[in-house]
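Welcome! Here is a short tour for anyone meeting this structure for the first time.

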Amino acid sequence: MTDVIKTDALIVGAGPVGLFAVFELGLFDMKCHLIDILDRPGGQCAELYPEKPIYDIPGWPSISAQGLVDKLLEQIHPFKPDFSFNRMVSSLEKLDDGSFRVTTDENEVFETKVVVIAAGGGSFQPKRPPIPGIEAYEGKSVFYSVRRMEEFRGHDLVIVGGGDSALDWTLNLQPVAKSVTLVHRRPEFRAAPDSVNKMYAMQEMKQLEFRVGQVSGLTGADGQLASATIKGGPDGDIEVPCTRMLPFFGLTMKLGPIAEWGLNLHENLIPVDTEKFQTSVSGIFAVGDINWYPGKLKLILSGFHEVALMAQAAKRIISPGERIVFQYTTSSTSLQKKLGVVA
């Protein structure tokens, strides 16, 4: 029997709006658990453009996307949220008492009184690279994310891509794998310069290989890779040993299983009211870019506003009959104690 994880609020999506939801819900003493398909918090900001400056966050004339995520994580630290990464919600069931049972694609089961969908444009799905026959190896020796580093121990690993994910896993898996070959179509990278410098230093010490080119073919049998052909490099076509592959070709966004939850939809978005940002199902809220209402603006700023109103309504569901007193963090000693700014 799978152990059930119980929480007050289950937040689907750990981007900026999902993270700020932890703060607003935490002020009302609600315990939060976040689920995200990516391997780290931050959503689109952290995965697609971590160094991109954002200019419309109040109080920050300019802040990088990753910088904003870091500040949000610092802000919610007092509330000690739980995270489940590399997970997708596969099913949702409303129970007789009005709470919800939520199951992930890893067969984890959650029971929660409130569900907050903060999934941006939907769940991120990895793009399949244009390599003939790659489908036969997916899930067996070709993976689009790293859920367990041990899966790569002792293997000849080829990592394909030039962004942060490709460089980060090149560095992190090098001590684990038998060999690591990084493949990118050019010697310039989109990743953090420090990671690129570390990679080149490890190449100099012959701890890994970097190859300019593209993977054009795979060999193997029964879903298990044996080698990869790299073309377009200075040495012509070459074949490298490969028993595991991690392609990082970017992400696409899809509504995914959320579309099966019985919610009313509007052009693949979730309609909500503008009082509570509740969906057509009581107890399920949608905030941020995933929702729709007349006049909707797809801004992080708007998502933060939506979260503040959502938290008031969520508290009424979790603690029915309890009087809710509106308080300011600047003047409320009880809120400041929760934040750890006063003893």
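Is His33 buried or exposed? His33 is buried, with a relative accessible area of 6%; here buried means under 20% relative accessible area and exposed over 50%, with partly exposed in between (1.4 Å probe, protein chains only).

Before going on, a word on the background. This is a predicted model, in which local features need pLDDT of at least 70, side-chain atom pairs count only at pLDDT 80 or more, and totals for chains, interfaces and linings use all residues. Residues are numbered from 1 along each chain as its sequence is written, and side-chain values use heavy atoms, with hydrogens and water left out.

His33 sits in strand β2 (residues 32–35). Helices (H or I, at least four residues) and strands (E, at least two) are DSSP runs, numbered from the N terminus. The side chain of His33 makes a polar contact of 2.8 Å with that of Ser84. Such a contact is a pair of N or O atoms within 3.5 Å; within protein, one must be able to donate a hydrogen and the other to accept it, and residues adjacent in sequence count only if both atoms are side-chain atoms. Setting aside neighbours within four places in sequence, His33 is in contact (heavy atoms within 4.5 Å) with residues including Ile5, Leu10, Phe83 and Phe110.

Thr103 belongs to strand β7 (residues 100–104). At 17% relative accessibility, Thr103 counts as buried too. Beyond neighbours within four places in sequence, its contacts include Met88, Ser91 and Val109.

In α3, the buried residues include Ala65, Leu68, Leu72 and Ile76.

In α5, Ser195, Val196, Met199 and Met202 are buried. Looking down the axis of α5, these buried residues fall within an arc of 125° (taken from the directions from the helix axis to the C-beta atoms), so they line one face of the helix. Pro193, Asn197 and Glu204, on the other side of α5, are exposed. What do the buried residues of α5 pack against? Their partners are α4 (164–173), β11 (179–184) and β12 (209–212). After α5 comes Lys206, with a positive phi near 60°.

**An open sheet and a hairpin**

β11 and β12 also take part in an open sheet of 4 strands, ordered β12-β11-β10-β16 and paired in parallel. Two strands pair if DSSP finds at least two bridges between them. β12 and β16 (244–247) stand at the edges with a single partner strand each, so one side of each has no neighbour in the sheet. On average, neighbouring strands are turned by 20° against each other, direction ignored. Inside this sheet, β10 (residues 156–160) and β11 share 5 bridges in the parallel sense, and Leu157 has Val180 of β11 as its bridge partner.

Elsewhere, strand β14 (residues 224–231) runs antiparallel to β15, joined by 4 bridges. Ser227 stands opposite Pro241 in β15. The hairpin of these strands has 6 residues between them, and there Gly232 takes a positive phi near 90°. Strand β15 (residues 238–241) has a covered face, Ile238 and Val240, and an uncovered one, Glu239 and Pro241. In a regular strand the side chains alternate between the two faces of the sheet.

Methods. Axes fitted to C-alpha atoms, helices over the stretch in contact; angles between N-to-C directions.
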